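The sequence and structure come first, followed by the points grouped by topic.

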Amino acid sequence: MSESSLHYIVHNTPGTSAHDAPLLLLLHGYGSNEEDLIGLAPHLDARLFCVSARAPYEMDFGSFAWFNIDMGPEGVRFDFAQAMQSLVQIYALVDALVEEYQPPSVYIAGFSQGASMALSAALKKPQAFAGAIALSGVCGPEMMPEDPASVRGLPVFMSHGRQDPVIPIAQARASKEMLDPLALDLLYSEYDMPHAIDQPCLVDLATWLEARLDGEQ
C-alpha cells in the first residue's frame, strides 16, 4: 500500500471552479466507502470543493475501514497504530490535492471512525488545516498533539447523538473533556439522534462552515 494510494471522488458546485476554492476533505466511517459522505456536499456552502476519500483497508462488499476496531464493555476500542498508518496516506492525499487545486484553505471532516481520523489529522498537523469536523466520533490520548500550544484556537466542530448505540454519548463527552485543555475553538453539540447526521446537526454544520469561510474573505 503506497502512501499516495487513496482513491477519492469529488463534488463541486456547477458553474464554479475546483481550483482556488476552499477544500473540504471527507472521511467515511467504518464499513462504508467514499460514496457515503459526498452526499453532504450539496447541503454545504457552495464555495467549497468537496473531496471524499476511500479508506485503505478493504472489507466485504465494497466497504472499507481506516483501522480495525473492537467492541468492549466501555464502548469502541481503536487500533491507533493502524490508524496512524492511514494518517500518513491522508496527509499524502492532502498534499497532492493542495498541489493540484491550490485551495486557500483545507478543512477535514469525518463521520464515526472517519471523525477520529479527521480529528487526529488536524491535532497532529494543525498548520495544514483551517478546521476539523468530527461527526459522531471519539478522541483518544494517542491523538493528542505533541505540542498542545500548536492547536490553540484551531476551529473544531464536534457533534454526537445522545441515542448513539455504536459510540455511547459518554465516550463523546469524555473526548470533549480530553480536548478542553487544548484551548481549541471548539463547538461541541449533542442531538437527539442515533449514530447519524440528522437535519439539525447538518444545519449547524453548514452554518459553522459558512462562518469559517466568511471569516477568510
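This is a predicted model, in which local features need pLDDT of at least 70, side-chain atom pairs count only at pLDDT 80 or more, and totals for chains, interfaces and linings use all residues. Residues are numbered from 1 along each chain as its sequence is written, and side-chain values use heavy atoms, with hydrogens and water left out. Helices (H or I, at least four residues) and strands (E, at least two) are DSSP runs, numbered from the N terminus. Buried means under 20% relative accessible area, exposed over 50%, and partly exposed in between (1.4 Å probe, protein chains only).

**Positive phi outside glycine**

- Asp20 is not a glycine, yet has a positive phi of about 65°. Asp20 belongs to the loop between strand 1 (8-12) and strand 2 (23-27), and with 56% relative accessibility it counts as exposed.
- Ser112, also not a glycine, has a positive phi of about 60°. The loop that holds Ser112 runs between strand 8 (106-111) and helix 2 (113-124). Ser112 is buried, at a relative accessible area of 10%.

**Aromatic pairs**

- A pair of aromatic rings is described by the distance of the centres and the angle of the planes. Rings of Phe, Tyr and Trp (its six-membered ring) pair if their centres lie within 6.5 Å; planes under 30 degrees apart count as stacked, over 60 as edge-to-face and the rest as tilted.
- Searching the whole structure gives two aromatic pairs.
- Phe49 and Tyr101 have ring centres 4.7 Å apart and planes at 55°, so this pair is tilted. Phe49 is in strand 3 (residues 49-53) and Tyr101 in helix 1 (residues 80-101), so the pair ties together parts that are 52 residues apart in sequence. Phe49 counts as buried at 2% relative accessibility, and Tyr101 counts as buried at 13%.
- Phe157 and Trp208 have ring centres 5.9 Å apart and planes at 55°, so this pair is tilted. The pair links distant parts of the chain, with Phe157 in strand 10 (residues 155-161) and Trp208 in helix 4 (residues 199-216), 51 residues apart. Phe157 is buried, with a relative accessible area of 0%, and Trp208 counts as buried at 6% relative accessibility.

**Charge over a ring**

- The charged end of Lys125 sits over the ring of Tyr91, 4.8 Å from the ring centre. A charge sits over a ring if NZ of Lys or CZ of Arg is within 6 Å of the ring centre and within 35 degrees of the ring normal.
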